[in-house]
Amino acid sequence: MRESSETRWQENRLLAALPEKERARLIPQLEILTLFAKEAVYETNEEMNYAYFPLDCIVVLISSVESKATVEVGLIGNEGLVGAPILMGAKNSTSQALILTEGKALRLPASIVRKEAKRSSRMREVILTYANALLAQGAQLAACHRYHTPQARLARVLLMIDDRLHGELRITQDLLAHLLGTRRATVTQAANQLQDHKVIESLRGRIRIPDRHELEKAACSCYAIIAAQQVASQ
């Protein structure tokens, strides 16, 4: 059976939160896509012609000051959408939106997002509440990268990914270094420390979390703060 928005939309919690009448208008205009790891749906300063509603993929927002100086400023899974600033009048992306883990997403033209948000106060409320949580996440991550250790930040980002994936994480240490704004060797050292304490199991391109409770203890306080913000936005 061919996959379509009519059979997959309920996997995105933001779409599921919309009233049935509003959602019924969106579903025929949603396009289902397979997005591949390290693919960018937006580049920095690129026009945002579409909003993306992740189903089982994860998107990371990356900010950079030069080609090799990058850091994560947001992580998005099926709890939200990529392109929330469209609703606030933004036309261009202020960060790169990079696919962290391969999966499906639903795509909606930006013009439709604006049109339907004007028509539906509930849709505006749902998207703006999520957008506020995403802004709060970015602010918390800025403090996290400035003040917390690589090991604590690595534990935090692995927990955030696990919240959205629930399984073996297929992610390289190179990509983790890209997210955390640090050297690959620093990530390797932090991962080895967590593995020595049997908190994670790191293989080539894959990470397992056998003891999530201990990983939460190893993470910085930012994880709990961001997780609480996400729950409050739903």
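Predicted model: local features only at pLDDT ≥ 70, side-chain atom pairs only at ≥ 80, totals over all residues.
An open sheet is built from 4 strands in the order 2-6-4-5, and their pairing is antiparallel. Which strands stand at the edges? Strand 2 and strand 5 (69–76) do. Each of these two has a single partner strand, so one side of each is left without a neighbour in the sheet. On average, neighbouring strands of this sheet are turned by 35 degrees against each other, with direction ignored.

Now look at one pair in detail. Strand 4 (residues 58–66) and strand 5 run antiparallel, joined by 7 bridges. Within this pairing, L61 stands opposite G74 of strand 5.

## Helices packed on the sheet

Helix 6 (residues 150–165) packs on the sheet and touches strand 4, strand 5 and strand 6 (96–101). The direction of helix 6 makes about 35 degrees with that of strand 5.

Helix 7 (residues 173–180) also packs on the sheet, where it touches strand 4, strand 5 and strand 6. What angle does the direction of helix 7 make with that of strand 5? Here the value is about 90 degrees.

## Salt bridges

Side chains of opposite charge can pair when their charged atoms come close. In this model the count comes to 16 salt bridges. Let's visit a few of them.

One of these pairs is R119 with E116, whose side chains meet at 3.9 Å, N to O. Both belong to helix 4 (residues 110–119), and because they are 3 residues apart there, about one helical turn separates them. Are R119 and E116 buried or exposed? R119 is exposed, with a relative accessible area of 54%, whereas E116 counts as buried at 3% relative accessibility.

Another pair is R212 with D163, which meet in a salt bridge of 2.7 Å, N to O. R212 lies in helix 9 (residues 212–218) and D163 in helix 6, so this pair ties together parts that are 49 residues apart in sequence. R212 is partly exposed, at 24% relative accessible area, and D163 is partly exposed too, at 21%.

A further salt bridge links R170 and E168, with their closest N and O atoms 3.7 Å apart. R170 is exposed, having a relative accessible area of 57%, while E168 is partly exposed at 30%. Salt bridges can also share partners: D162, D163, R212 and E216 are joined in this way into one network.

## Two lysines with a positive phi

Most residues other than glycine have a negative phi. K38 is not a glycine, yet its phi is positive, at about 75 degrees. Where does K38 lie? You can find K38 in the loop between strand 1 (31–35) and strand 2 (40–42). K38 counts as exposed because its relative accessibility is 54%, and the cut-off for exposed is over 50%.

K198 also has a positive phi, of about 60 degrees, although it is not a glycine. K198 sits in the loop between helix 8 (184–196) and strand 8 (201–203). With a relative accessible area of 65%, K198 is exposed.

Conventions
Residues numbered from 1 in each chain as written. Heavy atoms only, no water. Buried < 20%, exposed > 50% of the residue type's maximum accessible area, 1.4 Å probe, protein only. Pairing = 2+ DSSP bridges. Axes fitted to C-alpha atoms, helices over the stretch in contact; angles between N-to-C directions. Contact = heavy atoms within 4.5 Å. Salt bridge = Lys/Arg side-chain N within 4 Å of Asp/Glu carboxyl O.
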